Protein chains: 2
Amino acid sequence: MLPRWILPEYIDDVLPNEAKRVEYLRRQLLDLFATQGFELVGPPTIEYLESLLTGSGKDLDLQTFKTIDRLSGRTLGFRADITPQISRIDSHLIGSDNVVRLCYCDKVLRTSPTEVDSPREVIQLGAELFGFDGIEGDIEICRLMLKSLQVSGVVNPILDIGNVAILRALLRKINCSDEEKVEVANLVQRKSQSELSDLLKNVSKSDRDMVLSLTELFGDRSVLSEARKLLARAPEAISGVERLEAIYDVISDLGCAISFDLAEPHGYDYHSGVVFTAYAQGQNTPLGHGGRYDDIGSAFDRARPATGFTLNLRKLAQLTPSVEMVGNKKCVYAPSNFDDKELQRIVEDLRSKGVVVITDLIGDGTIKEERSFTDELILVDGEWSLKPVIKST
Amino acid sequence: MLPRWILPEYIDDVLPNEAKRVEYLRRQLLDLFATQGFELVGPPTIEYLESLLTGSGKDLDLQTFKTIDRLSGRTLGFRADITPQISRIDSHLIGSDNVVRLCYCDKVLRTSPTEVDSPREVIQLGAELFGFDGIEGDIEICRLMLKSLQVSGVVNPILDIGNVAILRALLRKINCSDEEKVEVANLVQRKSQSELSDLLKNVSKSDRDMVLSLTELFGDRSVLSEARKLLARAPEAISGVERLEAIYDVISDLGCAISFDLAEPHGYDYHSGVVFTAYAQGQNTPLGHGGRYDDIGSAFDRARPATGFTLNLRKLAQLTPSVEMVGNKKCVYAPSNFDDKELQRIVEDLRSKGVVVITDLIGDGTIKEERSFTDELILVDGEWSLKPVIKST
């Protein structure tokens, strides 16, 4: 038998150095969201399974831990994603017809790692904008995600942008079943031209060529000009390209490298419009992703336009260059003279200014504290004074 | 079938007004802990069941949601308590022989409400001190809990203090099995004198009377003087009373009502020394509790003295009088002219000062925003200026 302190695979503790960075960044980003009008909400960790999986695909089902509710006898799921919960809150608890902005920072659990060697528990931080389907909504969300990366200290992030609406427009032109549409979407994502040709062999050459062209439409801004030519005979697809052009115009000078991929990497069954994924330079796995998902609310009987993004807070915190939290600099030693009112006053005063003061519980000079001290409170001529600790070399 | 947006019983969302208070208090208290040298850690939500239940009683088992780990085939538990996890981190990840101070703020889940009408998901916030068994440790933890209540705005809290070491000392004098000891402890807690007399009929009258006397030793400071008389023939029990006297001397002027209960209300199988429970005036259910649990580490093969406390953050946040978070006062309306660099500069400048500025996505004056505005950015003679919104009456 394994020792009792061994954790399950891909499950770990957040220890002090990391926890401090994560907490710092959590505050920075939630404050950033607040100043843009996004209000914090905290959905619960568990819900009835069918609520959690509402409007989502098979993938989320497999990723969701399940248990039985003693009170109702029904199956509960531990959320593997928070976005659908925020959508539920917008639909049914806030229930407005106006624009609603919500944000969150909470943990999700997955039955297996979604990326190589990544933890199964992820601290998700995100912002969602409901009730507006115009391009200004896509732009606000895209800019806020870039701003979040900037605040986190990510240097020259890479933003990969697509638009599911383009593929959807092409699929509407093709006479095929919903199952076939999903298969086409998968093949486009995998950029499998030969399989696509085969599957679409009964479709007009013109339509087939347009679908096939998506698999080659990835790269810099020039991809959009190319798309305008190749998709010219599908006006609805072109309006999807126009949306990407307008976003590019607004975010191109915000200090990130932008690439496009019209065979977009996100779930076709979930997203409905502009989608984006953010990377740090030299990293293969994303820091976060987002996009438009106008359809999801309908599963809660109340369709609302929606777009948003989610970031992996622990991954982001690894990139944060410096942390200026309470207790980051000085660490003061104080003896434990509880009945010395003057000492206690000085200690409380220092702490109220954000200085860490540790009371030595033994108090006889035989310090047995794990933290190392930069300064100490010592009695000089009957008065407590703060002196730097001289390190022996 | 119930609609899909219905949550399980005793599970709820934290909506914006409450979430703001909870986040505010979380920061205040974690900063308070930091200045006293307590370092933040974040243990995972799930662990192998036997790790989570290590050193704990049957109650925790019943309260723990279980599921199967796809990767190992073993049973996982969703933690119903965080303290044992912090003890595991102290024992095995930090592994120091010195004093270690750790704190945390995270969610726990229970299979049924532990108090009438309370949510099954609780945001626990706590601080734990490891590696020191002296009374200075009990005092530090007790004071920190009181300070936390004060920072939270709890007016005249009630602190109910006991010491499990007193009962344990008496039980060591009695010749009975471990099972009988647990039963005695339960009867003492329930203050069932007649059942106790019956169970202890073969014990010397002197010892029996001392155990029975615990059931009447509750009330103000005078209880401790009474205890000194009644328990005089059990010196080990008296040293437990002395510890309570010393704690009283230090905390009696800190603005809380102190009561003692030597038939302490905490788990006999878990705690080992001074224990305390905090209440707000007029409330029956506690805001938090804490105490010494020197034995728990031994379940992780590394016994360490330990004492700490945990608070119910949502319950505490209900008592917080005012919240001065980012975005609490002004809420400014701005049109969505993304290409007006001067407007964007002003908006960013306001936000960097903590002012909420919401971009009206429509931007044609037909505002459809859920938030109401206190001020607006409008163009006057070609310059953007901030004007208060005049409310129509």
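Two residues are taken to be in contact if their C-beta atoms, placed from the backbone, lie within 7 Å. With that criterion in place, I turn to the structure, which is a predicted model.

I begin with helix 11 of chain B, residues 235-251. At 1.5 Å a residue, its 17 residues should span 24 Å, and the end C-alpha atoms are 25 Å apart, which agrees. Which residues of this helix are buried? They are Ala237(B), Gly240(B), Val241(B), Arg243(B), Leu244(B), Ile247(B) and Ile251(B). Viewed down the helix axis, these buried residues fall within an arc of 150°, so they line one face of helix 11 of chain B. Their packing partners in chain B include helix 5 (135-151), helix 6 (164-173) and helix 10 (222-230). Strand 7 (158-163), strand 9 (257-261) and strand 10 (274-279) of chain B are also among the elements they pack against.

Finally, the interface. In total, 82 residues of chain A are in contact with 82 residues of chain B. On the chain A side, helix 1 (residues 16-35) of chain A supplies the largest share, 9 residues. That side divides into 37 nonpolar, 21 polar and 24 charged residues.

Key: Residues are numbered from 1 along each chain as its sequence is written. Chains are lettered from A and ligands numbered from 1 in the order in which they are written. This is a predicted model: local features need pLDDT of at least 70, side-chain atom pairs count only at pLDDT 80 or more; totals for chains, interfaces and linings use all residues. Helices (H or I, at least four residues) and strands (E, at least two) are DSSP runs, numbered from the N terminus. The expected span of a helix is 1.5 Å times one less than its number of residues. A residue is buried if 20 or more other C-beta atoms lie within 10 Å of its own, exposed if 12 or fewer, and partly exposed in between; C-beta atoms are placed from the backbone. The arc is that of the directions from the helix axis to the C-beta atoms. Ala, Val, Leu, Ile, Met, Phe, Trp, Tyr, Cys and Pro count as nonpolar, Asp, Glu, Lys and Arg as charged, and the others, Gly among them, as polar.
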